[in-house]
Amino acid sequence: MHDDPVIRVVSKVLIPTIMLFGLYVQFHGDYGPGGGFQAGVIFASAFLLNAIVFGMNKGRHVWSPAFNLQCIALGVLVYGGTGIAGLLLDGNFLDFNVLLANPVAGQHLGILLVEFGVGLTVASVMVGLFFAFASRPAHNRLMHQEDTRLLKSSTEATAEPTTTGASVSKKGEVKK
Amino acid sequence: MNLSILIAQWNYVIVIALMMIGFYTVIARGNLIKKMVGLNIFQTSVFMLYISMGKIQDGTAPILSDDPTMIYSNPLPHVLILTAIVVGVATTAVGYALIIRIQESFDTIEEDEITEALNEEALAERLAEQH
Amino acid sequence: MNFFVVDAFLMVLLTIIGVMAVKQHRLFGVIILSGSYSLVAATWFVVLDAVDVAFTEAAVGAGVSTVLALATLSQVRSNEKKRPIEPLALTVSIGAGLLLLLAVMDMPLFKDPSAPVHVHVGPHYIGESGAEIGVPNIVTSVLASYRSFDTLGETVVVFAAAVSVFLVLAGWTRKRKSKDEA
Amino acid sequence: MNFLLHAPILQIVVPLLVAPLIILLRNRHIAWGLAMASTLATFLFTLHLFLTVNETGEAIIYELGNWPAPIGIVYVIDVANAYVLPLIAGVSAIATFAARGLVNAEIDIRDHSLFYAAWMLTIAGMLGQVATGDAFNIFVFLEISSLSAYALVAIGAGNDRRALPAAFNYLILGTIGATFYVIGVGLLYMVTGTLNLVDIAQRLPAIGDTHTGFAALAFISLGMFLKMALFPLHFWLVPAYSYAPSVVSALMAATATKVSVYVLIRILFGVFGVDFPGMDSLLGVVLLGLGVAGALIGTVAAITETDLKRLFAQSSIAQLGYMAIGLGLATKSGLAATFINLFNHALIKGAIFLALGAIAAQLGRVTMSNIQGAAKQIPMTIAAILFGGMALIGLPLTAGFISKLYLLRAILEEGAWVVAVFTVMSSILALIYVWKIIEVAYLNDRPKGAPVLTETPAQWISAWVLVAATIYFGVQAEIIVDAAFSAADLFIGGNQ
């Protein structure tokens, strides 16, 4: 697919637009429909488009799996941290009124922060899920190759499987 | 049952019918993907039940405007269902991940074939146990 | 009247898609029908004033779920094994349906402004959220402030889904981690 | 500021936020340390709540975001859930301690931080369900704990591929159960306009005898029956417990179904109340009948099993049957008996499954044939299983005896002789499978060529902590009995 110039050019235009729209949905959620969750999904779709058009490896290069996993956790922590902040400022957990001197301003800040947390987690989870599902066959093939090497190198066909995944793929291997 | 009420409440009646289509698919179908699809239909229909109860005569979307006479539909069911949709997709993702692993281990996603494989294994174990 | 026509049309459409999805044996068709079911449901949500829900349902039910389903489909047999109607399952689902129909008997009328949901807690959100939170979208106010803890739970559910899928599939994260730790 | 003032929420938030922290740091040693520290902290918080609530006798209401009920979500800690929370937190802390060894043995090293994250989420989800005072919040936390539990069960596929279909069935039935619960809550919300449990309970009597209320009751009960694996909706439980990694089986067998039982009690007795129309037939016919059937069939099924994890999973079905019988009596003493049983059974099953885990870590599976004569090689581990088994039968000096005693007393108060006979019969039948284990492990010699089993104090200490607790609460039963009766008192007033 990455040879098709039309798709390449169109997606180069589309990807930033989708991201911009994602940001709009994220921050306009106070005034119209939208919010962290919807924005997260939209934002993620930009990354998915990038990965589909320019290849999985390039896609993974943009947002590395390790960093992605950290973003997933970070979003939840931002949300929870906002709650804890309310608690430290002598309010209850998730009390936004105490965040700033003016309760309504505090509510605004609180909502902004938690929506950001939701958006961050959702966007990274969606990208993460996509890679986890889409890379599965390639990953499997890799494991199969390793198993074949293992089987060749040792005469024992019952070599201890090293990982949970490998034990499964080994069964498939033996079947063949 | 009073038929006239059912006709007046036809909206709920159809939602219930949809729910049961989904529910039947989950419990009756043996294909695991079909089960997940049934679950999706079942849950979406439950969302519709909630949204139905939030609707009010002549209401509009619950986004405040300057017009004080405006009637808004109840936002609470909307919030609950937003949460429920997210929970639903989370379950779906885990379900599909399990289906992929089941396919790799059992080479099928038909429930009866999996059960057959399981029974064979259990039988073999029982025989091994007796010896 | 307009509302009735659109509502009825979408409801009928949903029923047709639902029945087709159950009867279809090609899994690709089943998944696409399931996605379109969510999409039509999203449209229906707009008609019933639930714009935020519609947005999410379209993005998630029609989008994410379908993508995940197709990713799964690419690795399995593409047809469902045909099987006869299960009498027990049919009885159970009809029983549950009848129970719900019974519930409809005493339900507050559809769109009735005097229904409990429209007089008890809901009006507080509609009437006071402007002053208490100052955000025009009431759904956002309720979601992020009044019922903020539910939304924290929701975010954690998404997080849990990611953790669970990575654990189950043990795909790319696992590969990276072998470098870091093992 | 005083952290203890926020204990009602911190007990949930600490494990909930430790999960992402574990992922962020991604070091398996830190992961275990964090899990251990947070479960301990949670246990202390719940203990503090238990003591405070029992001292003052008043419920603690914690308003999240400072929004009062029913506008916002509130957490309500009363004598009933202050009794359940330390149990869950305590068993979780002990299981987390045992996890150090068991996880190393059974789970791939690269999955450890993910595992501990899911582990913490399961615990946080269970605590949240128990502590919350909001009907929809129960659903959210139920899903947090269930979703991570599905994955935890599925990791068992590293040892046995049957964990995968087990996890999938668990997922489908768990989701159906949760969706039924949501339907029921929706119907309740429809007629009352509120989601706060106390508020619903106050508004329900005014609604009167409606079909909608009855359907809500039916759907919530069905959903919870599925979640608590009440016979005949129990078929997901046995595979899920037996193929999950040992430490997961231990946590789930000890706590997961108990949480659902508690939620059922809270909704049935705390929201609908015993006088709700249709309640008498649900309790007196459905719960009592299914309870008796479950108690008998679970025990009989346990006798036929040769795999010990499966055997004790089947016995859980029987024990859940006893709990259902207690609820079905619809009396204060019946409810108190269920509360006692809930507590004791959690300790017993936790002990048994942790001990089984110590063996499974070496052998992969624990069957009657591969523990032949094991008592000589691993006396402490086998003895823990033995004590657990004796407590399951209900022999004196164990906590199981107290459970059976109060259950029988409650049954006889109602004059339900038939139920009493069946309950005793099921207990006596339980003797058979415990005897089978004694025979195999103590009276047989270890066959030649069988793998040599070893044990270190680190492996059996956690099981023995729970065994010691069963014995302690079997002798010093007053603490539990008093707490259980005051919890029951909350739901069924003194006139009954």
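A residue counts as buried when its relative accessible area is under 20%. Keep that cut-off in mind for the first view of this predicted model.

**View 1. Helix 5 of chain D is largely enclosed by the rest of the structure.** Look along residues 135-154 of chain D and you will find helix 5, which has 20 residues. From its first C-alpha to its last, helix 5 of chain D reaches 29 Å, close to the 28 Å expected.

**View 2. Asp134(D) sits at the start of helix 5 of chain D.** Here a side-chain oxygen of Asp134(D) comes to within 3.0 Å of the backbone nitrogen of Phe136(D).

**View 3. Chain B and chain C meet through residues of both chains.** Chain B brings 80 residues to this contact, and chain C brings 91 residues. Together they bury an area of about 7900 Å², with 74% of it coming from carbon and sulfur atoms.

**View 4. Glu80(C) and Arg29(B) form a salt bridge.** Their closest N and O atoms are 3.8 Å apart. How many salt bridges are there between chain B and chain C? The count is eight. Across this interface there are also 26 residue pairs in polar contact.

**View 5. Several helices of chain B supply the side that touches chain C.** Helix 1 (3-8), helix 2 (10-28), helix 3 (32-54), helix 4 (75-106) and helix 5 (111-130) of chain B each supply at least two residues. Helix 4 of chain B gives the most, with 24 residues. On this side of chain B, 50 residues are nonpolar, 21 are polar and nine are charged.

How values were computed:
Residues are numbered from 1 along each chain as its sequence is written. Chains are lettered from A and ligands numbered from 1 in the order in which they are written. This is a predicted model: local features need pLDDT of at least 70, side-chain atom pairs count only at pLDDT 80 or more; totals for chains, interfaces and linings use all residues. Side-chain values use heavy atoms; hydrogens and water are left out. Contact means heavy atoms within 4.5 Å. Buried area is the accessible area (1.4 Å probe) that two parts lose on being put together, summed over both. A salt bridge is a side-chain nitrogen of Lys or Arg within 4 Å of a carboxyl oxygen of Asp or Glu. A polar contact is a pair of N or O atoms within 3.5 Å; within protein, one must be able to donate a hydrogen and the other to accept it, and residues adjacent in sequence count only if both atoms are side-chain atoms. Helices (H or I, at least four residues) and strands (E, at least two) are DSSP runs, numbered from the N terminus. Ala, Val, Leu, Ile, Met, Phe, Trp, Tyr, Cys and Pro count as nonpolar, Asp, Glu, Lys and Arg as charged, and the others, Gly among them, as polar. The expected span of a helix is 1.5 Å times one less than its number of residues. Buried means under 20% relative accessible area, exposed over 50%, partly exposed in between (1.4 Å probe, protein chains only).
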